[in-house]
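Hi,

Here is the structure I promised to pass on.

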Amino acid sequence: NDFIVMTNPEDISKLYRELSLFPSLTRADVGPVITSQYGGKYSNIYTEWSQRDLERNENVKFCRQYIVFHDDKSVVYSGPSGNCTEIKGELLSKDSPSGDMKAVVRESIIKGEDKQFLEIWSKNIKVKSINLTALKKHGKVYEDDQFGCLVWSHSETHLLYVAERKRLKAESFFQSCSLADEEEGVKMGKEEETTKGEQFVFYEDWGETLVSKSSPVLCVLDIEGSNVSVLEGVPDNISPGQAFWAPSDTGVVFVGWWHEPFRLGLKYSPNRRSSLFYVDLTGGQCEQLSSGSSAVCSPKLSPDQCRIIYLECAVYGPHQQCSRLCMYDWYTKRTSVVVDVVKRPREDGFAGIYSSSLSPLCWSADSQRILVSCPQGSRKVTTPRHLSEIIKSPGGSWSLLTIERNLMVVSWSSPNCPPSLVMVGFLPLGGSREEVDWVVLEDSQTQPDIDWQILNFTPPPEQDNSQYPGLDFDALLLKPKDVKEGVKLPLIVTPHGGPHSVIVADWLLSSSVLCRMGFAILLVNYRGSIGYGQDSISSLPGNVGTQDVKDVQFAVESVLRGGAFDEQKVAVAGGSHGGFVACHLIGQYPEFYKACVARNPVINLASMIGSTDIPDWCMVEAGYNYSTDCLPDPAVWEQMLNKSPIKHVKTPVLLTLGEDDKRVPPKQGIEYYRALKALQVPVRLLWYPGNNHSLSKVDAESDGFMNIALWMTQHLSL
Ligand SMILES: CSCC[C@H](NC=O)C(=O)N[C@@H](CO)C(=O)O
C-alpha cells in the first residue's frame with residue numbers, strides 16, 4: 001500500500017487555499033429587452049458572487065455582467081461585458097422593473113457609527129441618498145433572507161422594505177441627559193423621546209442568525225417626496241416579512257409569523273405558524289389570505305398579476321418537510337394545491353418539493369408554469385409545474401437563479417466541479433417535449449482528480465421501520481481518481497445535520513480538499529433525509545440515535561466490503577445533528593472509528609431543550625408532540641437522555657464550537673468535553689468567538705478545516 005496521504009500542514013493549507021478560490025453564485029437578474037440599432041434584441045444579465053478572501057478574512061461579494069442576444073426563443077450570442085467589480089457596503093439592491101433606476105440600502109460607518117442609507121440611482125447619477133438612521137422612523141433594515149426584501153412598486157414610485165420597529169431611547173431613572181446630547185437634540189430640531197426603566201428589558205428575537213431581529217415592520221419610501229412611512233394595519237402579534245406590492249399597488253402582500261406566546265428560532269425552521277396577509281394602503285385594513293393553521297413561505301406574484309404561488313407545510317413536527325405548492329387567485333380569492341405532499345417517490349421519479357424558498361422569479365412568461373429547484377434524492381434538479389417535464393440533467397446539482405420572460409439562468413455544480421457554470425436557456429413552450437438548449441456564460445474548472453458516485457442502500461430486514469416499511473436511502477462517495485489497484489484508502493464518514501436535510505451532489509469545499517489529500521469521503525443520506533418522500537422524513541422522529549446511526553453504519557460496512565478502503569483507517573465527522581450521529585457512532589461502535597470530529601454537536605437532548613432556540617426540535621426528534629405550554633416531564637426527559645450520545649467512548653474527539661450558537665449552545669459540546677476528559681479519552685476543543693452554529697466565518701472555517709485534516713491524519717496514523 002504505497003499510496004501516500006498528504007500530511008504536511010504547508011501542503012494542506014496550500015491545497016485549501018487553491019480550492020477555496022472558487023466563488024459561488026448568489027444571485028442573477030435579467031434586465032429588460034433592448035433592441036440594438038441593427039434590430040438585434042439583447043438583455044443584460046447581472047450576477048452576484050461570493051468568494052472567501054483568506055487574507056482579508058472575509059467573504060467578498062462581487063458582480064459581473066453578461067450580454068445575451070436572443071430571439072425570445074433561443075440564445076443567439078452571449079458573453080461577459082466587462083470584468084468583475086467588488087461590492088462593498090450594499091445590504092440590499094434592486095433594479096426597477098423598467099431597468100431605469102436602481103435602489104440600494106447601504107451601510108456606512110461615519111465617525112465610528114453605523115449608518116444606513118437608502119439610495120436611488122438613475123443612469124450614472126445617485127439621485128437620492130436618504131439617511132434612514134437619522135430619520136429615526138424605524139430601527140435597522142432587515143437584510144436577511146427570512147424577512148428581508150427591497151421591492152419597487154409597479155409604478156416605480158415607491159419602495160417597500162422591512163426594518164426593526166423603532167424603540168424609544170431607554171434611560172436610567174438616575175441618569176440625567178448630558179448637556180452635549182441636549183444641545184445636539186436642539187440643534188437637530190428634535191429632542192428624542194425617551195423612556196425610563198426600560199434599559200434592561202428583554203426583547204425576544206427570532207433565534208439563530210436572526211438575533212436582534214425581534215419586531216419587524218413594513219416600511220415604504222415615497223421616492224418623489226423622500227418620505228418614509230411605517231405601514232399601519234399589521235396585527236401586533238404578527239412579524240411581517242417577504243413582502244411585495246399587490247396588483248396595481250393597492251396594498252402589500254406579506255408573510256406574517258405569529259410570535260405568541262413566544263418566538264422560536266426560524267432559521268431552517270419553515271414549520272412555524274404563519275400566513276399570507278394583505279394590508280390595504282388606503283384603509284390600513286389587514287386581510288388573512290391563507291389558513292391560519294399552517295406554515296407558509298416564499299410567495300411569488302405571477303407576471304399577469306393574477307395569482308400568488310407559495311409553499312406550505314404543517315406547523316411543528318419535523319423542521320423540514322415535504323411542502324405543498326399552493327396558489328391563491330387574486331380575483332376569485334380561491335386557493336388551490338398545485339403540487340401536494342408526496343409520501344413516496346412516484347414512478348416518474350418525482351419525490352415532492354423540499355424547499356423553503358422559491359427563486360426570486362420562478363414563473364414562466366405565460367403565468368402557467370412554475371420552476372422549482374429542490375433536492376430529489378441526492379440530486380438537486382429544477383422542475384417546471386408539469387412534473388413530466390422535469391428537465392433531464394446530467395449528474396450534479398442544478399439551481400435556478402431566475403427566470404424572466406422564459407429566459408432561465410441556472411448554476412450547475414457537482415462534487416468535482418465548482419459552481420461557476422452559469423447557463424442560460426429558454427424554457428420550451430408548455431406541453432412541448434423540446435430539450436433546453438443551454439448556453440454557458442461562465443465556465444468552471446473541473447477537478448480531474450476527484451471521482452464521485454451515488455450509492456443506493458436497502459436497510460437489512462431487521463432494520464426496516466415497521467411503521468414506514470420499505471424505505472431506501474443513499475450516499476455520495478468521493479474518491480481520489482486513478483488509485484492503483486490494491487491500494488486501500490482511508491475513509492471519512494460524514495452524516496449530515498438536520499436531521500431533515502440532505503447532501504446533494506454539489507461542490508463541497510472541505511470534502512474536495514480531503515479527497516485531493518487522499519481520503520475517500522462517504523456522505524450518508526440516512527432515512528429521515530429530505531428529497532425521498534414525506535414517509536422517509538416521518539420515519540425518523542422517535543428513532544434518532546438508532547435508525548440514523550444504523551443506516552450510516554450499514555452504508556459504511558457495505559462500502560468496506562467492496563475492499564477498496566482500509567478498515568483500520570475509518571473516521572467520522574459531522575455537525576449539529578450530524579455531530580449527534582457521529583458521537584453516537586463512536587459510542588455504539590467503539591473500536592470501529594479511529595477519530596471523530598463534531599461541530600456544534602447535539603450531545604444531550606434533555607439538557608438542550610432549555611437552552612436552544614428550537615426546543616420543539618428536541619421533543620419532536622425524541623418522538624413527542626410539541627406544544628408551547630408543555631412543562632418538563634421526567635418520563636420525556638428520561639427518553640431524551642436515553643436517545644443522546646453521552647455514553648462510554650474511546651475514540652479521540654475534536655470538538656469545534658461557536659461561542660454565539662443559539663441553536664446548539666456550545667455548552668452541549670462542553671458537556672461532552674468534560675465526559676471525555678473524565679474518561680481520559682483524547683479530546684481537543686476549538687472555541688470560535690463571534691461564530692454561530694455554522695462556524696462559517698472565513699477564519700473559523702479555514703482554521704477548523706486545518707485542524708480537522710490534521711486530527712484525521714494524526715489519529716488514523718497516516
Ligand atoms: C436543536 S439543533 C438541531 C440540529 C440542527 N437543525 C436545525 O437547525 C442541524 O442539524 N443543523 C444543520 C443544518 O440543517 C447543520 O449542519 O448545522
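First, a term for the strands: two strands pair if DSSP finds at least two bridges between them. Helices (H or I, at least four residues) and strands (E, at least two) are DSSP runs, numbered from the N terminus. Residue numbers start from 1 along each chain as its sequence is written. Bear in mind that this is a predicted model: local features need pLDDT of at least 70, side-chain atom pairs count only at pLDDT 80 or more, and totals for chains, interfaces and linings use all residues.

On to the sheets. Strand S8 (residues 101-110) pairs with strand S9 (residues 113-122) in the antiparallel sense, over 10 bridges. Lysine 102 has tryptophan 121 in S9 as its bridge partner. Both strands belong to an open sheet of four, with the order S7-S8-S9-S10 and antiparallel pairing. Its edge strands, S7 (90-95) and S10 (125-131), each pair on one side only. From one strand to the next, the twist averages 25°.

Strand S4 (residues 58-70) and strand S5 (residues 75-80) are antiparallel and share five bridges. One of the pairs is valine 68 with serine 78 in S5.

Most residues other than glycine have a negative phi, and most peptide bonds are trans. Aspartate 482 has a positive phi near 50°, and sits in the loop between strand S32 (473-480) and S33. Two cis peptide bonds are worth a look too:

- Glutamate 260 to proline 261, with omega about 5°; proline 261 is in the loop between strand S18 (251-258) and strand S19 (274-280).
- Glycine 498 to proline 499, with omega about 0°; proline 499 is in the loop between strand S33 (489-495) and helix H4 (509-517).

Now the ligand. Which residues come nearest to the ligand? Of the 17 residues around it, these are Tyr268, Gly497, Gly498, Ser576 and His577 (a residue is near a molecule or strand if its C-beta atom, placed from the backbone, lies within 6 Å of it). The shell divides into five nonpolar, 11 polar and one charged. For these classes, Ala, Val, Leu, Ile, Met, Phe, Trp, Tyr, Cys and Pro count as nonpolar, Asp, Glu, Lys and Arg as charged, and the others, Gly among them, as polar.

Next, a helix pair. H6 (residues 547-561) and H7 (residues 577-588) pack at an angle of about 70°, with their axes 10 Å apart. So H6 is roughly perpendicular to H7 (65 to 115 degrees; under 35 is roughly parallel, over 145 roughly antiparallel and the rest oblique). Axes are lines fitted to C-alpha atoms, for helices over the stretch in contact, and angles run from 0 to 180 degrees between N-to-C directions. Asp548, Val549, Val552 and Gln553 in H6 meet Val581, His584, Leu585 and Gln588 in H7, where contact needs C-beta atoms, placed from the backbone, within 7 Å. By class, that contact has four nonpolar, three polar and one charged residues.

Finally, the domains, whose bounds come from an automatic or database domain assignment. The chain is divided into domain 1 (142-168 + 201-354) and domain 2 (450-603 + 645-715). Their centres, taken over C-alpha atoms, are 35 Å apart. Domain 1 gives 18 residues to the contact and domain 2 gives 15.

Cheers

How values were computed: Two residues are in contact if their C-beta atoms, placed from the backbone, lie within 7 Å.
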